[in-house]
Amino acid sequence: SAVIHSDGRVGDVQVVTGVDDRLDDYARNAILRWQFLPALRNGRLVALQAVVKIPFKARTKAGF
């Protein structure tokens, strides 16, 4: 969960459903670097709360 501020920056990131402490940190740090187009309400820029899913996929080594 994160707040997308009226300037498109991301803040107040919270992990809703964690997988692993390290992966949770990776996801939190990744979303903090994202930039969004801000939301509009009645023609004005507004902040909003959003839930973002970040899927992780295990790598497989060739030959295993």
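**D7 and its surroundings**

Modeller: Setting aside neighbours within four places in sequence, D7 is in contact with Q35 and P38, where contact means heavy atoms within 4.5 Å. This is a predicted model, in which local features need pLDDT of at least 70, side-chain atom pairs count only at pLDDT 80 or more, and totals for chains, interfaces and linings use all residues. Residues are numbered from 1 along each chain as its sequence is written, and side-chain values use heavy atoms, leaving out hydrogens and water.

Back to D7: you'll find this residue in the loop between β1 (2-4) and β2; helices (H or I, at least four residues) and strands (E, at least two) are DSSP runs, numbered from the N terminus. D7 is partly exposed, at a relative accessible area of 40%; buried is under 20%, exposed over 50%, partly exposed in between, with a 1.4 Å probe and protein chains only.

Most residues other than glycine have a negative phi. D12 is exposed, with a relative accessible area of 53%. N42 also has a positive phi without being glycine, near 55°. N42 sits in the loop between β3 (39-41) and β4 (44-46), and is exposed at 76% relative accessible area.

Now for β5 (residues 48-50), the strand that holds L48. Beyond four places in sequence, L48 touches A2, V3, I4 and A39. L48 is partly exposed, with a relative accessibility of 33%. L48 and R22, on the other hand, are 27 Å apart, C-alpha to C-alpha, with 26 residues of separation in sequence.

Zoom out, and the chain has one helix and five strands, which run in the order β-β-α-β-β-β along the sequence. The chain is more spread out than a compact globule, because its radius of gyration is 15 Å, well over the 11 Å that the globule rule gives for 64 residues; the radius is taken over C-alpha atoms, and the rule is 2.2 Å times the number of residues to the power 0.38. The C-alpha trace spans about 55 × 20 × 15 Å along its principal axes. Of the 64 residues, 22% are buried. Take the contacts between residues at least 6 apart in sequence: 53% of them join residues at least 24 apart.

Last, the largest pocket. It has 18 lining residues, with V15, T17, V52, K53 and I54 nearest its centre. On a 1 Å grid over the protein atoms alone, a pocket is an open set of points where a 1.4 Å probe fits, with protein on both sides within 12 Å along at least five of seven lines, and lining residues have an atom within 4 Å of a point. Helix α1 (residues 21-33) gives the most to this lining, five residues. By class, the lining has 12 nonpolar, three polar and three charged residues, with Ala, Val, Leu, Ile, Met, Phe, Trp, Tyr, Cys and Pro as nonpolar, Asp, Glu, Lys and Arg as charged, and the others, Gly among them, as polar.
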